[in-house]
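Dear colleague,

Please find below the structure that I am handing over to you.

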Amino acid sequence: MRRLLVVLSLLLAHIASAGSERCVDDDRNVKVCLDAPAARIIALSPGATELLYAAGAGDKLIAAVSFSDYPDEAKALPRVGSYNRFDLEAILSLKPDLLIGWHSGNPTEQLAQLEALGLKVYYSELRGFDDVSRTLRRFGELAGSEPAANAAAEHFDHGISALRKQYQNAESVRVFQQIWVNPLMTVNDQHLISEATRLCGGINVFGNLPRLAARIDHEAVLAANPEAIIAGGMGEENRSWLDDWRPYSGLLAVQRDNLFFIPPSTLQRPTPRLLSGTRMLCQHLDTARGRR
Amino acid sequence: MAAASYHTPRLLPALALLSLGALLAVALSVSTGSVAISTAELWAVLQGEGDPLHHTLIFDLRLPRSLAAFATGGLLAVAGALMQVLLRNPLADPYVLGLSGGAAVGALSAMLLGLGSAAVSGSAFIGAIVSAITVFGLAHGTGSWTPTRLLLTGVVIAAGWGAVVTFMLAIAPTESLPGMLFWLMGDLAYARSPWPALTTLLALSLLLLPLGRSLNAMARGPLQAAALGVAVKPMEWSIYIAASLLTALAVTTAGSIGFVGLVVPHMLRLILGNDQRLILPACALAGGALLTLADTLARTIIAPEQLPVGVITALLGVPTFLLLLYRSR
């Protein structure tokens, strides 16, 4: 009788745990299944770290890679190398139950090796606004922090759709998006930055270039004569890239003083901060419209 | 090298022809770019009229860049020719003694610290000079100073710099990587003002002219040079200092552009013979013209996108050099 009870309780426990199995599709459309909410997560890209914190799973995060600098708590996390070369031994010794990989950024062989060693790897690859909220929800499910994650996802979606509604009929502004200075670099229409630009009623003057991130010369910018120039910069408070354009007084953007700075981490990374970066971009383009 | 059968045309016609080529290269470079400017419009701009956009393109962007390309190419070719004389080794180029490695470490450090482009140029120059002094000091060491010893010291120091550069690339944040890689490949987009490089090129070319005869003797080896009355040690010192200075300025202007310094002197020797009185000014002109042309192609082939100029110098130079070598039999 006693034995039967033990067997029965084991069986029940098994059923209970099976009931809590959670599966989500990752960005390769491969199912990632966990028996229980992940409690020991390692994020293998700075973006994944930020998304996990936003999804309310920050307390489950046990390690990250270098340059994971947002939010502030992330700076205190132990490091397992950089996103393009991580320390497999350090990862194994931390006994994680979930790894968030970066499909196009992490070395494929190292991720495969970690999977072969029996670790669960979620491959993330965010390309647009929709991916941000979808990933937040998935992370919430994997880490058992659904309420926080769903709230963050909804906040993001609402913010973006409000901006979309506000600017859907706005007059278009021709924009040059400068992402680097030496060499001078911009992005084409496939880039996240261009999705944000379109949403705000902007047109990327280099949208048709064949490469996602392209190296161009000053001459091409002068010929395109954009109405506004948006630049990131080194660090978060640096306007020197914009001041480099001032001597070119023939540029419409210079004549109207439409030289705007947006912190690169808010517009170039697919994370919830994209909402504030996009909002800033929309306001700047509106300022440019007001200067016509 | 000296044993090959060279024909030696007269100095002046050869230099006049090269000057014409150099002028044409600069003219071509100024008149082409991602924006098409017709000859009539170009003429109007040169008269001080015409579209202000065209004026900006030509005087603020294209002309300084062409001149910087010309000066850099000239500096590298002259430095290469001097190194080949000094080391008596046909494989010597301006970078063989580790100068570009020192400059790269300087420039990349400035980039890692997030400093602006003036600081990048400045620290590249300091890096190059530090490297030159280190190599010279170590090769000099206990007193015996031979080209072989200098070459070995330089090559080992260059390898050391190479390791430091790789280390820096490995720890650099992703967003600064493209800038660093383009610097390492060499790129005229960094060129601020062409004047320091251009005036140094002119001044050193004039200074080297009266030394042509001694350099010819040096190219035959130190014993022969001494027998011909050349003070070998001071001569070696001055060649080393001149070549280092030229290379440091070139690297500071445009990053480490390969190939020009190695191949241009050889090409000219195959055509003009190994007379340093002719070769050095010819190197200044031909190196300048080659890099100006290469840079023009690099910024127009897939315009508005830009290619690294080092790709083009090699693509232009390799077949030309092989053809000359093949025909020299």
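**Backbone points in the loops**

B:R88 lies in the loop between α3 and α4 (99-112) of chain B; helices (H or I, at least four residues) and strands (E, at least two) are DSSP runs, numbered from the N terminus. Its phi is positive, about 50°, although B:R88 is not a glycine. B:R88 counts as partly exposed because it has 18 C-beta neighbours inside 10 Å. A residue is buried if 20 or more other C-beta atoms lie within 10 Å of its own, exposed if 12 or fewer, and partly exposed in between, with C-beta atoms placed from the backbone.

Please note that this is a predicted model, in which local features need pLDDT of at least 70 and side-chain atom pairs count only at pLDDT 80 or more, while totals for chains, interfaces and linings use all residues. Residues are numbered from 1 along each chain as its sequence is written, and chains are lettered from A and ligands numbered from 1 in the order in which they are written.

A:N29 also has a positive phi, near 65°, and is a residue other than glycine. A:N29 sits in the loop between β1 (22-25) and β2 (31-34) of chain A, and is exposed, with 7 other C-beta atoms within 10 Å. In the loop between β4 (61-63) and β5 (81-82) of chain A is A:P71. The peptide bond that joins A:Y70 to A:P71 is cis, with omega about -10°.

**Chain A and its helix α6**

Chain A has 12 helices and 14 strands. Along the principal axes, its C-alpha atoms fill a box of roughly 90 × 40 × 35 Å. Of the 292 residues in chain A, 45% are buried.

Helix α6 (residues 146-167) of chain A has 22 residues and reaches 31 Å from its first C-alpha to its last, close to the expected 32 Å; the expected span is 1.5 Å times one less than the number of residues. The buried residues in α6(A) are A:A149, A:A152, A:A153, A:F156, A:I160 and A:L163. Seen down the helix axis, these buried residues fall within an arc of 100°, so they line one face of α6(A); the arc is that of the directions from the helix axis to the C-beta atoms. The face turned away from the buried side carries exposed residues, among them A:H158 and A:K165.

**Helices that pack together**

Two packed helices are described by the angle between their axes and the distance between the axes. Helix α2 (residues 46-54) and helix α5 (residues 129-143) of chain A pack at an angle of about 70°, with their axes 9 Å apart. Axes are lines fitted to C-alpha atoms, for helices over the stretch in contact, and angles run from 0 to 180 degrees between N-to-C directions. α2(A) and α5(A) are therefore roughly perpendicular to each other; angles under 35 degrees count as roughly parallel, over 145 as roughly antiparallel, 65 to 115 as roughly perpendicular and the rest as oblique.

In chain B, the axes of helix α3 (residues 52-87) and helix α13 (residues 276-300) come within 6 Å and cross at roughly 140°. That makes α3(B) oblique to α13(B).

**One residue of helix α6 in chain B**

B:A163 lies in helix α6 (residues 147-171) of chain B and is exposed, with 11 other C-beta atoms within 10 Å. The C-alpha atoms of B:A163 and B:V105 are separated by 9.8 Å, and the two residues are 58 residues apart along the chain.

Yours sincerely
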